[in-house]
Amino acid sequence: MARNVDFWFDPSCPYTWVTSRWLVEAATVRPLALRWHVMSLSVLNEGRDVDPEGDTEGWLWRPVRVCAAVRQRHGQDGLARFFTAYGERVHERGQWGDFGDALADADLPRDLAEAAGTTEFDAAVRASHAEGIALVGDHVGTPIIATEDDIGRRVAFFGPVISRIPRGETAGRLWDGTLLVAATPGFHELKGRPHAALHHPG
């Protein structure tokens, strides 16, 4: 039976994109059922003296609103397709243009892009964000992953933050190891070297 894996993401974070593609890859070699949820760096950083993202114009609200609109109107499958299309355009090809193009790539209506400029879906963004953050606390960022360990206990964690996408069995072993560490009673944090440059295979 497939193990449910819930993934909370802000679509604008490049490291989150890499982590998401690792999970997609891991699901080809491990029985994982991926479920996608929106979280928001804008919501996370509200009220802080300094915004770590430097988003003084509030632009980061725009893509998460579109994600929430897609999730509400086209479900899990639609959100998965849009996140993939958006990530390929933005994080792999550097095309930060109109949301309509990514929606079209995902076989979704272009008019969903209108959600970016409204507050209609802000409550949905906040609710989804709160659900993910409640599992780990607001000291972390995006992504958040939640699943169950081998004996059915709920496990949730931030990351892993990676700069390259592991492939095949390597992706599967990283999943095995991450779950083993995160499910260990008393575990809180594990860090590696400073962020490396992102690597996108051509």
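Contact, as the word is used here, means heavy atoms within 4.5 Å. Helices (H or I, at least four residues) and strands (E, at least two) are DSSP runs, numbered from the N terminus. The model is a predicted one, in which local features need pLDDT of at least 70 and side-chain atom pairs count only at pLDDT 80 or more, while totals for chains, interfaces and linings use all residues. Residues are numbered from 1 along each chain as its sequence is written, and side-chain values use heavy atoms, with hydrogens and water left out.

- An open sheet is formed by 4 strands in the order 2-1-3-4, with mixed pairing; two strands count as paired if DSSP finds at least two bridges between them.
- Because strand 2 (32-38) and strand 4 (154-158) each have a single partner strand, they stand at the edges, and one side of each is left without a neighbour in the sheet.
- On average, neighbouring strands of this sheet are turned by 20° against each other, direction ignored.
- In general, strands of a sheet pair through backbone hydrogen bonds, either parallel or antiparallel.
- Strand 1 (residues 3-9) pairs with strand 3 (residues 144-148) in the antiparallel sense over 3 bridges, and Trp8 stands opposite Ile144 in strand 3.
- Helix 1 (residues 14-26) packs on the sheet and touches strand 1, strand 2 and strand 3, its direction making about 155° with that of strand 2. Such angles run from 0 to 180 degrees between N-to-C directions, and axes are lines fitted to C-alpha atoms, for helices over the stretch in contact.

**The hairpin of strands 3 and 4**

- Strand 3 and strand 4 are also antiparallel, paired over 5 bridges, and Glu148 has Arg154 in strand 4 as its bridge partner.
- The two strands form a hairpin with 5 residues between them, and Gly152 in the turn has a positive phi of about 85°.
- Strand 4 has a covered face, made of Val155 and Phe157, and an uncovered face, made of Arg154, Ala156 and Phe158.

**Helix 1 with helix 3**

- The axes of helix 1 and helix 3 (residues 61-92) lie 11 Å apart, and the two helices pack at an angle of about 130°.
- Helix 1 is therefore oblique to helix 3; angles under 35 degrees count as roughly parallel, over 145 as roughly antiparallel, 65 to 115 as roughly perpendicular and the rest as oblique.
- From helix 1, Pro14, Trp17, Ser20 and Arg21 meet Phe83, Thr84, Gly87, Glu88, His91 and Glu92 of helix 3.
- This contact of helix 1 with helix 3 has 3 nonpolar, 4 polar and 3 charged residues. Ala, Val, Leu, Ile, Met, Phe, Trp, Tyr, Cys and Pro count as nonpolar, Asp, Glu, Lys and Arg as charged, and the others, Gly among them, as polar.

**Helix 1 with helix 6**

- The axes of helix 1 and helix 6 come within 8 Å and cross at roughly 105°, so these helices are roughly perpendicular to each other.
- Helix 1 contributes Trp22, Leu23, Glu25 and Ala26 to the contact, and helix 6 contributes Gly168, Ala171, Leu174, Trp175 and Thr178.
- By class, the residues of this contact divide into 6 nonpolar, 2 polar and 1 charged.
- Glu25 in helix 1 counts as buried because its relative accessibility is 18%; buried means under 20% relative accessible area, exposed over 50% and partly exposed in between (1.4 Å probe, protein chains only).
- Beyond its neighbours within four places in sequence, Glu25 is in contact with Pro166, Arg167, Gly168 and Ala171.
- Leu174 belongs to helix 6 (residues 168-182) and, at 27% relative accessibility, counts as partly exposed.
- Leu174 and Leu23 are 151 residues apart in sequence, and their C-alpha atoms are 9.5 Å apart in space.

**Helix 3 with helix 5**

- Helix 3 and helix 5 (residues 122-136) pack at an angle of about 90°, with axes 9 Å apart, and are therefore roughly perpendicular to each other.
- Trp61, Val64, Arg65, Ala68 and Gln72 of helix 3 make the contact with Asp122, Ala124, Val125 and Arg126 of helix 5.

**A loop residue**

- Pro31, in the loop between helix 1 and strand 2, is exposed, with a relative accessible area of 53%.
- Not counting residues up to four places away in sequence, Pro31 touches Met1, Ala2 and Arg3.
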